[in-house]
Amino acid sequence: MKFVRLLAVFIYLHSMVAHAILEVTVLKQDEKAFPIVIAPFEVVGDTKKGQEIANIMRDNFNRSGEFNASSSKDVIYDKIDYDKWRSQKVEALVYGRIEKVNQKVFKVKVYLLDIYSSKELYTKEFSVHNSGIRRIAHYLSDQIYEALLGEKGSFYTRLSYVTVVNKGRGNREYRLEISHSDAQNPQTILISSSPILSPAWSPDQKKIAYVSFENGRSEVFVRYPFVRRKTQKLPYFDGISSAPSWHPNGQSIALTLSKNGNKDIYSYHLKDKKLTQLTFDNGIDTEANYSPDGNSIVFTSNRSGQVQVYIKDLTTGKIKRAIFTGSYNAKAVFSPNGKQLAMVHRVGKDYRIALLDIKTKDLIIMTNNALDESPYFSPNGNMIIFATNKKDRGVLSVVSLLGRETFELASKAGEVREPNWSHYSK
Amino acid sequence: MIKIVILSASVVLLSSCSTVEEFVNKIIGEPNVVTVEDRRSATQESIVAEDYSSFEVQNYIGTNNAAKDAVTELKNAGTNFVLYFSYDGYEIDKKSTEEIIQHANFMRDNPQLNLTLAGHADERGTREYNLALGENRALSVKEILGLYDLASRVKVISFGEENPISQAHDEQGWQKNRRVEFFYK
């Protein structure tokens, strides 16, 4: 009996995972991208983890759009034939070794070499729990990325997104999902027959704020994805309650409320349960996003008669229009360094993702689609994830700031939308 | 072949209403009776061609048969229970105003009935802005009803772009989705 129940649980979990996993398609391999070889790791003891860890790292580097990562035919040991790699125009080489200490623990050592200078750029040795192999591969990818480019990678992070599956008879099933940055290890946080919108990771990566219609109207909830069934509902407000955005201190959430019918942005302090009104216009104010220092918000407003993006300095109270190009700009988010905004920008009849330099007002249109929405920066600011329509299907796409679409995440079962990228794990 | 497609699609259409019921129940509260309109009409063919989840519910949710008859009568008299809007607009045009006045007169004649207005937007632009836009559309309708002292009997909700009537990614589809729906209880 117990076995049957266990089996049932297993099948259930298995089917959930199989359903939820997204297909990853790397769109373009740029020939000018940084050529790096990540060799299969040397394996001591009985394990396949050596191949796995190198594969995960290679996929990471290829998805970034900045690297052209390939494998080597053989495992590489300590003796490096620099001339051979130079003749193959390889610029960096990663190799390492994994030793199985016991059933649960592996010892990992990794090296990064600069082929031209024949120098070791990075080396590290540590122990890993078996279940941690994927995370270690992501962590190592970040370290190597930083050693090569001088800035952090965004691999050891998580995504959240919403999937929508048509169940027939007009039934739709919405799922709030989280996954690693490579869309692997997906977990379903919430299943609902009502729409789910705007998931947002808290700065500490322990909570997700989102909008649900499960009570027949839009309301903001905060869920703890790693604590079973823990959900926090914000107090009842009349009208719309939506568009949550975390203050970088993690203590409060900016959200849109339409008490009295007028849509304004408020800040709600989760512990003190205090509500502060941030915008006071008669038009629609929504889609707030805090600057990384927490001193300003960017938001969407139709106060000018057009849908446009504004920045409010919360210390002086001054509001400035952020962009004067285009007749429709919306859902802007700050880059992690606070200097740029990614937003939805209308070009002719198309809605595309654009990147604005806040100071110089330089605008770069990053995409070439018709219905892009929900842009969000990777935590290192080098990539923007957004939702779009490809072949009449909702997918997530990632564009690197160099202007290349780098990879796409699609669901076989239905649509994917509303992406959000976590901060770094602490 | 086409006939079969239409036939099976109409089955989908009719059966889809079970979820619409649930959906409307959530909005308006638990009803005991929800009647679903039979859509086997001349217009069905074109609707089927572009949208399989299209639906239309009876715009009265409740148990009172007299009230239900009154709503049906209003409908049969040609009053629209769905009003449409321009792109990014929430202004009420003259024709819609006339429709709303008919609803206002109806509400005065039937003081036991309350109205829920559900605002919607098309898929263009961002979801959160469209949620706000949908509410403004419903509020514009409510504002006119307010001129007839009916505001206290009118509830407003917005679904933004989340519940489209048409799935088509063109103006024909979009104009069907920029709407406010009337539900009486």
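In this predicted model, strand β29 (residues 393-400) of chain A is joined to β30(A) by four bridges, and the two run antiparallel. Strands pair when DSSP finds at least two bridges between them; helices (H or I, at least four residues) and strands (E, at least two) are DSSP runs numbered from the N terminus. As the model is predicted, local features need pLDDT of at least 70 and side-chain atom pairs count only at pLDDT 80 or more, while totals for chains, interfaces and linings use all residues. Residues are numbered from 1 along each chain as its sequence is written, and chains are lettered from A in the order in which they are written.

**Strand pairing around β30 of chain A**

- L396(A) has L409(A) as its bridge partner in β30(A).
- β30 (residues 405-410) of chain A also pairs with β1(A), through four bridges and in antiparallel fashion.

**Domains of chain A**

- Chain A is divided into domain 1 (18-149) and domain 2 (158-421), with bounds that come from an automatic or database domain assignment.
- The C-alpha centres of domain 1 of chain A and domain 2 of chain A are 33 Å apart.
- Contact between the two domains of chain A involves 19 residues of domain 1 and 24 residues of domain 2, where contact means that C-beta atoms, placed from the backbone, lie within 7 Å.
- On the domain 1 side, α1 (2-20), β1 (23-26), α2 (49-63) and α4 (133-149) of chain A each supply at least two residues.
- β1(A) gives the most to that side, with four residues.
- By class, the domain 1 side has six nonpolar, six polar and seven charged residues; Ala, Val, Leu, Ile, Met, Phe, Trp, Tyr, Cys and Pro count as nonpolar, Asp, Glu, Lys and Arg as charged, and the others, Gly among them, as polar.

**Interface between chains A and B**

- 30 residues of chain A touch 27 residues of chain B.
- β11 (196-201), β15 (241-246), β19 (285-290) and β23 (329-334) of chain A each supply at least two residues of the chain A side.
- That side of chain A is made up of 12 nonpolar, 12 polar and six charged residues.

**Sheet in chain B**

- Four strands of chain B form an open sheet of mixed pairing, in the order β1-β4-β2-β3.
- β1 (82-84) and β3 (154-160) of chain B are at the edges with a single partner strand each, so one side of each has no neighbour in the sheet.
- β2 (residues 115-120) of chain B runs parallel to β3(B), and six bridges join them.
- G119(B) is opposite S158(B) of β3(B).
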